[in-house]
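Trainee: I would like a close look at a single part of this model, and then at what lies around it.

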Amino acid sequence: MIRRGHVNKKVSLFDIFNYTLMIVLSLVFLIPFWIILVSSLSDNSKLMSNGIGLWFQGFTFDGYKYLFEMSNLFFNSLLNSVIVSFASSIISVVLCTSAAYVLSRKGLVGRKFFNILFMIPMFFGGGTIALFLVIKWINLYNTLWALILPCTLRIASILLMRNFFYTIPDSLSEAAEIDGANEFQKMVKVYIPLAIPMMMTIGLIIFVDRWNNWLDTLLYFDSTKETSWTIQYVLRQILTNMNSISGIDESSLAPVIAARNAAIVITVIPLMILSPMLHKYYVKGMTAGSVKQ
């Protein structure tokens, strides 16, 4: 006699292998970060004598205290990265959504030409030197705008959003026209509310790209503009040469090892918080935007 609601489900060999593989991969990805987190909260003298390990060696926040007390550089770079990442995401979402809406309109004169024109930069680009010369020519060098503006209008994001607009029935647009809405009102009141998952996807992609970028800071800022450096560039400086940031010898009593790991933890935490919150929008947006009609 089978109890109501009870379902017998056989566990296959593939299921066992799949679960085992997922557990192993999860440990492979999580253990390195766990080691960094433990090291950032450990006593620096014990780390120097015993090396890093899987567990705390004298629990302390000295690494984090030292990181923020040695200078204002780390805090300023953290603030700069927040400004650059959020500003780039917002501007990119606005520009890409507007451009995609125009390209998706069937009544646009020369629509095929403009779609081809927008695709050309995906295959041909001027390169780093040309972009650097443009940044210098328009007086964006040594300003945060040099980190924000060049990445805002991405062709791949425009095409994803355009393909998403293709999936929206024309009947919604026709109903809005009957109510007297113009093109701007249709975009704002009809299309954008439906495109929120795609907009969140584009914003997340740009945010992660800007947050993790350090090369642009190296290219577009000179050594005297330390107050405009981003967190990833400062983190690179900390990992390669702590003396250039703090001016303290690594053989001294300063918690250099713990501070380095603390810098990595602080840099990664925003992405760890933001990614799970926007994951559902990211998956839905990528799936919807990849369908072409």
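Is threonine 230 buried or exposed?

Mentor: This is a predicted model, in which local features need pLDDT of at least 70 and side-chain atom pairs count only at pLDDT 80 or more, while totals for chains, interfaces and linings use all residues. Residues are numbered from 1 along each chain as its sequence is written, and side-chain values use heavy atoms, with hydrogens and water left out.

Threonine 230 is buried, with a relative accessible area of 5%; buried means under 20% relative accessible area, exposed over 50% and partly exposed in between, with a 1.4 Å probe and protein chains only. Threonine 230 sits in the loop between α12 (215–220) and α13 (231–240). Helices are DSSP runs of H or I with at least four residues, and strands are runs of E with at least two, numbered from the N terminus. The side chain of threonine 230 makes a polar contact of 2.8 Å with that of threonine 217. Such a contact is a pair of N or O atoms within 3.5 Å; within protein, one must be able to donate a hydrogen and the other to accept it, and residues adjacent in sequence count only if both atoms are side-chain atoms. Neighbours within four places in sequence aside, threonine 230 is in contact (heavy atoms within 4.5 Å) with Ser77, Ser81, Leu147, Asn213 and Thr217.

Helix α13 holds leucine 235, which is buried at a relative accessible area of 9%. With neighbours within four places in sequence again left aside, leucine 235 contacts Ala263, Ile264 and Thr267. Its C-alpha atom is 9.8 Å from that of asparagine 261, 26 residues away along the chain.

α13 also supplies at least two residues to the largest nonpolar core, as do α3 (62–69), α4 (73–104), α7 (145–148), α11 (196–212) and α15 (256–289). A nonpolar core is a set of buried Ala, Val, Leu, Ile, Met, Phe, Trp, Tyr and Cys residues joined through side-chain atoms within 4.5 Å. α15 gives the most to this core, eight residues. The core has 33 residues, and Leu67, Phe74 and Ile238 touch the most other members. Not counting residues up to four places away in sequence, phenylalanine 74 touches Leu67, Phe68, Ile231, Val234, Ile238, Ala263 and Ile266. Another core, of 24 residues, lies apart from it and includes Met161, Met187, Tyr191 and Ala195.

For the whole chain, there are 15 helices and zero strands, and 38% of the 293 residues count as buried.
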